[in-house]
Amino acid sequence: MRIVLDENKCSSLGMCESVAPDFFEVRDDGALELLNPTPSGDQRALMEEAVAACPTSALSIEE
């Protein structure tokens, strides 16, 4: 599993970070950073929740 960020859609609102702070971080410069773009399979439910929380649909999961 890989988390994909579309930087053109991302507004850096931090909704994903609020759901999964160990995987996403809005940096001081306002850009979103993927702290772990390849989480383990046991993190799937959390990643799906974080992707669903994104109001701009900037995140997706690839197999």
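Buried means under 20% relative accessible area, exposed over 50%, and partly exposed in between, with a 1.4 Å probe and protein chains only. The views come from a predicted model, in which local features need pLDDT of at least 70 and side-chain atom pairs count only at pLDDT 80 or more, while totals for chains, interfaces and linings use all residues. Residues are numbered from 1 along each chain as its sequence is written, and side-chain values use heavy atoms, with hydrogens and water left out.

**View A. Strands β1 and β4 pair in the antiparallel sense.** In β1, I3 and L5 form the covered face, whereas R2 and V4 form the uncovered one.

**View B. A salt bridge joins E62 and R2.** The N to O distance is 2.7 Å (a salt bridge is a side-chain nitrogen of Lys or Arg within 4 Å of a carboxyl oxygen of Asp or Glu). Because E62 lies in β4 and R2 in β1, the pair ties together parts 60 residues apart in sequence. R2 is partly exposed at 39% relative accessible area, and E62 is also partly exposed, at 36%.

**View C. E63 forms a salt bridge with R44.** Their closest N and O atoms are 2.7 Å apart, and the pair links the segment after β4 with helix α2 (residues 44–53), 19 residues apart.

Definitions and conventions:
Helix = DSSP H or I, 4+ residues; strand = E, 2+ residues; numbered from the N terminus. Pairing = 2+ DSSP bridges.
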